[in-house]
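This briefing covers a nonpolar patch, a nonpolar core and a set of salt bridges. Please read it alongside the sequence and the model.

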Amino acid sequence: MNLLFRRVITGATLYYVGLQGYLVYHLKTAPPNNVQPNWSDGSKDMFHSGMEPGPAKPKLESATPKSREPMVQAVLSLYQSKPSLGAMEFYAPDATVEDPCFLFKGKREIAAAWYNMVKVIPTSETLSYKVDHSEDWVRISVNQKYCLRGIGLDIALPSVVYLTLTRTEEGMELIVNHTDEWYGKPLLERSNHFGFELIGTTARVFRRAHGWIATRYSCAPNVRDL
C-alpha cells in the first residue's frame, strides 16, 4: 500500500513538473491569440480556442469611452502594484481573474491576489499600453516592467488583457472575466488541445489550485467586506 501511494505521488509530481515545463514551451512557441471576442453570437467558448468565430465581427474602437476610462485606469493601477478597494468595485461579485499560472474566483480572492502580489512585486511600471473595446468587452495590450523583491530583478512582460463586461440594472459596467494572456499567447485549455484534452483540463485545475492556495492569506484590508 505504501509502495502504491509513493508511486502515485511520484507520478503526480512528475506530471505536474512536466506540465509546467510544457507551459513554458507553449509560451515560447505558440502563435499569438488573434481571435477577436465576439460573444454576442454564442461564440464565447471559442474565444481562447484558436478557432475563428463566425463572420460577424464586433466593432472595434481604439479610443476608450469616458465611461470606461476609470475602469481601464483601475486595472492598470493593479498591474502597477497599486491595489485599492476602489479598483475592486469594478469587479462583479462572482468575477474571475485568470492567467497562465493562476485562476482566482470571486471578488475576495481577486482582492487578496492583487494585494499579495505587492509583497513579491513592490514596484511595477507600465511601459506602454493600447486599449480596444467593443460592446461587452475591453482588450488592453500592455507592456509591464516588474521589479521582484529581494533580488532587484526587472522583468518586462508584454501581455494582452481581456475584460468581459456585464451591465447592472443601474447601468454600471462590471468585469465578470479578466483574462491575462502573457505574450499574447492563449491559455492552456481543453478547447485548444484537440486530441490532448487532458493537458488543457489539468492545466486549468492546477491554475485553480494555485489561485486557491495563493489567497488563503490576504494582505487586503477589509477583504471580508467585499
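Ile155 lies in strand β5 (residues 154-167), where helices (H or I, at least four residues) and strands (E, at least two) are DSSP runs numbered from the N terminus. This is a predicted model, in which local features need pLDDT of at least 70 and side-chain atom pairs count only at pLDDT 80 or more, while totals for chains, interfaces and linings use all residues. Residues are numbered from 1 along each chain as its sequence is written, and side-chain values use heavy atoms, with hydrogens and water left out.

**Surface patch**
- Ile155 has a relative accessible area of 36% and is therefore partly exposed; buried means under 20%, exposed over 50%, and partly exposed in between (1.4 Å probe, protein chains only).
- Together, Ile151, Leu153 and Ile155 make a nonpolar surface patch of about 270 Å².
- Patch residues have over 30% relative accessible area and no salt bridge; like charges are joined within 9 Å, and nonpolar side chains (Val, Leu, Ile, Met, Phe, Trp, Tyr) within 5 Å.
- Accessible areas come from the Shrake-Rupley method with a 1.4 Å probe, and for residues only the protein chains shown count as cover.

**Nonpolar core**
- The largest nonpolar core has 42 residues, and those with the most contacts inside it include Met88, Trp114, Leu163 and Ile175.
- Helix α2 (residues 69-79) gives the most to this core, with seven residues.
- Such a core is a set of buried Ala, Val, Leu, Ile, Met, Phe, Trp, Tyr and Cys residues joined through side-chain atoms within 4.5 Å.
- Beyond its neighbours within four places in sequence, Ile175 is in contact (heavy atoms within 4.5 Å) with residues including Met71, Val75, Phe90, Tyr91 and Leu163.

**Salt bridges**
- The count comes to nine salt bridges, each being a side-chain nitrogen of Lys or Arg within 4 Å of a carboxyl oxygen of Asp or Glu.
- Glu173 and Arg68 form one of 2.9 Å, N to O.
- Because Glu173 lies in strand β6 (residues 173-182) and Arg68 in the loop between α1 (2-29) and α2, this pair ties together parts that are 105 residues apart in sequence.
- Both Glu173 and Arg68 are buried, and a network of salt bridges links Arg68, Arg167 and Glu173.
- Arg216 and Glu109 also meet in a salt bridge (3.2 Å, N to O).
- Arg216 is in the segment after α5 (197-214) and Glu109 in helix α4 (residues 106-120), 107 residues apart.
- Arg216 is partly exposed at 45% relative accessible area, whereas Glu109 is buried at 11%.
- Asp132 and Lys130 pair at 2.8 Å, N to O; Asp132 is buried at 5% and Lys130 partly exposed at 43%.
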